[in-house]
Amino acid sequence: MANLASEFLGIRSPNPFWLASAPPTDKEYNVRRAFEAGWGGVVWKTLGLDGAPVVNVSGPRYGAIYGPDRRLIGLNNIELITDRPLDVNLREIKAVKRDYPDRALVVSLMVPCDEDSWKFILRQVEETGADGVELNFGCPHGMAERGMGSAVGQVPEYIEMVTRWVKQNSRMPCIVKLTPNITDIRRPAEAARRGGADAVSLINTINSITSVDLDLFAPEPTIDGKGTHGGYCGPAVKPIALNMVAEIARNPETRGLPISGIGGVSTWRDAAEFMALGASNVQVCTAVMTYGFKIVEEMISGLSDYLDAKGLESPAQIVGRAVPNVTDWQYLNLNYTTKAVIDQDSCIKCGRCHIACEDTSHQAIAIGPDRTFVVKDEDCVACNLCVDVCPVEGCITMKELPEGSVDPRTGKVVGPYGNWTTHPNNPMAAEPAE
Amino acid sequence: MSSSQRRPGVVPGRLDPADYAAAFADCAPPLDPHRARVAADRCYFCHDAPCTAACPTGIDIPLFIRQIATGTPEAAARTILSANILGGTCARVCPTEVLCEGNCVRVAAGEAPVEIGLLQRFATDRAMAAPQPFTRAAATGRRIAVVGAGPAGLACAHRLAMLGHEVTIHEARPRPGGLNEYGLAAYKMVDDFAAREIDWLMGIGGITIEHGRVLGADLNLADLRDGFDAVFLGLGLGGTNALDCPGADLAEPATDFIARLRQADDLSEVPVGRRVVVIGGGMTAIDAAVQARLLGAEDVAIVYRRDRDAMPASEHEQDHATSAGVRIVECAAPKALARTDAGIAVAFAYTEAGPDGLVVTDETFTLTADQVFTAIGQTLLPPEGFETQRGRIAIGPAGRTSVPGVWAGGDCAQGGEELTVTAVAQGRDAALDIHASLQG
């Protein structure tokens, strides 16, 4: 059986499943329950400066997007960093770390952009025995208006500056948490590396308004008739997070920089996907806020079984395995040709493939007698829309045309690998090698 | 079992008075908003949907379900009611298992179908909390006579009223609704639903109902044709088939029993036998047998001359009967009924399917009952002067009969199928054709 033990920046944990800095890690009570449930580590909810604690709203903090049967697929929050006194948090962190020495305990931090503030807080955290710090450059609401959180994460120079202060003033491993609310995730990651960050974690939440109350004409969650953008998270954001993780993993400037993957991780499979794209471990929040801490049992058994089935011994062996297969569009094989094939035995004749193709694609699925749906190979461009809208798993598949056969749509022979960089239609095409 | 269930003979009050309400409660309780949302989410919004194709009134089912899923049940109801003004009744009584739901692609996927009937009820119940949503076109000055206030006549009248015509419905019985009021099982039409639906439907205006008007007695076709611009016949089936065997008069038509039960103010006053035999295999047989059980009959048997696969009642209906404790005896035909000291002895002979049809064998058995009902079909007492087809008034595609200016629909007409939903479709289509012919 695979050993899920994980080491991230020298921080050991019994598995690569950590809880992200968020409400589930705001205090000792929750974190002890998480460790008892089996979580490998936590990033303690973000601490701020000493003094009067921040104040949260006393109305709703969360808004939700649902799938069928009120299945929570997206969550938005306007909660700020911890609203508990600094000394209470520090005392609890110390106690928990003492009692769970085998678990990872990283502390998230957010203080104003001056070196003294960082020196102060780092000294306090070091005394707790915590394993490391995570710099919260990601929160998009509230604190950003005060020049912290994503207000720092959106300016690479600030990231670099603060990261450097942290590294100069602490021996602790330093993870920089990135905001996705930027145009190119590689730039802040590069800045973190230049500042000396040991790792990046991503993504933090995405600026969002979950919905609008059409009676009040106010965004939700609504506080006394008004709303503000919050941070979006949960399963709905996973594709965005996966792409950003992969971009950093394959960027020559940041390649090799350890990544902690965050963003809609809900199952062992999500975790494995993040890891395949370069994350060394994952952080979870919305899934436990939906179902409680117990889901880690499924994540442990699932990842373990997967590794066993693949003949692997450690999660580290899948980290980054999919990165070489993430490429630019221009390198995709334009001669790779497939056609949709509908399995008539499993087809339930709903007609969704037909209407999707007929109304919105290439008119490549005909209705035959008795509602038989058949792909017209001469019109099928293999867009995959029929596969995506078919309600029956495996009913429509894409079949590859072998090299040398003729594509009925183009009348041309399927050739060997060839991409855009050498394509005759590309005015910038490189001269084919002699 | 209460001791009153074992009282011999045909007596009322077999249940405790407090137990009738539970026994005759809604057999398919309505969906709450959350369950409706979950049920609606299961719809695939099929292209050219098989459920709609299977609906005699052609309700755009995927559209109304999507309207429910997006929180607009009133819009869903308009989608339903614009095709089928009695969508509320149809949601309750349609054999959805052989119509829309039976054709749901989820069934082909090996799953339960989308609960179309319950979703339709969810939407129409909300619409019926408000006045009926349709308005009338400018008055045409045309007057149309409708004979029969059953589903066909009501659907025809409502559509004609929408189109701006004035409608007089001539109804033989004291209450409107036809089989909705007198014939459907009580547990499908709880809380006086038939009457409430008609009150709501009549809200469109322009429709008058005259009761106690019987075609061929105090009403004749020639006068209607003279006095109105067009005539629609939605007469239903006035007669019932009787057994063709000795002692046939000891049995009572099941429809009479059901009508008595539906019209009772107090179900504890409806007498029922301790032992009941129902002869037949259609919906009427099921409804009579199940309701006899619900009234407290101890032993109820449906006896059908062919096997269960051949029963006109669907498998779902048969299961409903057997789960209510009704015994279904298949392949047996009645030979004779005789009154004995123990009750009515009904002698049956087993049948076998032969190459030339059903063969009655020599093997017999006898069931003794306190009450025997027949549900072996109803017949039309056709008005004179009409061409008929297999005992029904012959009609063209839009309900035109052989008599100029007279349309027909519902059970009295060819193709009626004895379903509420078919009657509604025929009444509606006849109205459109009447309108077109009057415009022409």
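**Stop 1**

Select I169(B): leaving out residues up to four places away in sequence, I169(B) touches V146(B), G148(B), A149(B), G153(B), L154(B), A157(B), I207(B), T208(B), I209(B) and E210(B), where a contact means heavy atoms within 4.5 Å. Before going on, note that this is a predicted model, in which local features need pLDDT of at least 70, side-chain atom pairs count only at pLDDT 80 or more, and totals for chains, interfaces and linings use all residues. Residues are numbered from 1 along each chain as its sequence is written, chains are lettered from A and ligands numbered from 1 in the order in which they are written, and side-chain values use heavy atoms, with hydrogens and water left out.

**Stop 1**

Helices (H or I, at least four residues) and strands (E, at least two) are DSSP runs, numbered from the N terminus.

**Stop 2: a covered helix**

Move to residues 268-276 of chain A, helix α8. How many of its nine residues are buried? Seven are: W268(A), D270(A), A271(A), A272(A), F274(A), M275(A) and A276(A). To see what covers them, show elements of chain A including β3 (17-19), α7 (238-250), β15 (259-262), β16 (281-284) and α10 (295-309). After α8(A) comes G278(A), with a positive phi near 120°.

**Stop 3: where the chains meet**

Show the contact between the chains: 12 residues come from chain B and 13 from chain A. About 1,000 Å² is buried here, 64% of it from carbon and sulfur atoms; buried area is the accessible area (1.4 Å probe) that two parts lose on being put together, summed over both. H34(B), Y44(B) and H47(B) supply 53% of the area that chain B buries against chain A, more than any other three residues.

Finish on D48(B) and R371(A), whose side chains form a salt bridge at 3.9 Å, N to O. The rule, a side-chain nitrogen of Lys or Arg within 4 Å of a carboxyl oxygen of Asp or Glu, finds one salt bridge across this interface.

Key:
Buried means under 20% relative accessible area, exposed over 50%, partly exposed in between (1.4 Å probe, protein chains only).
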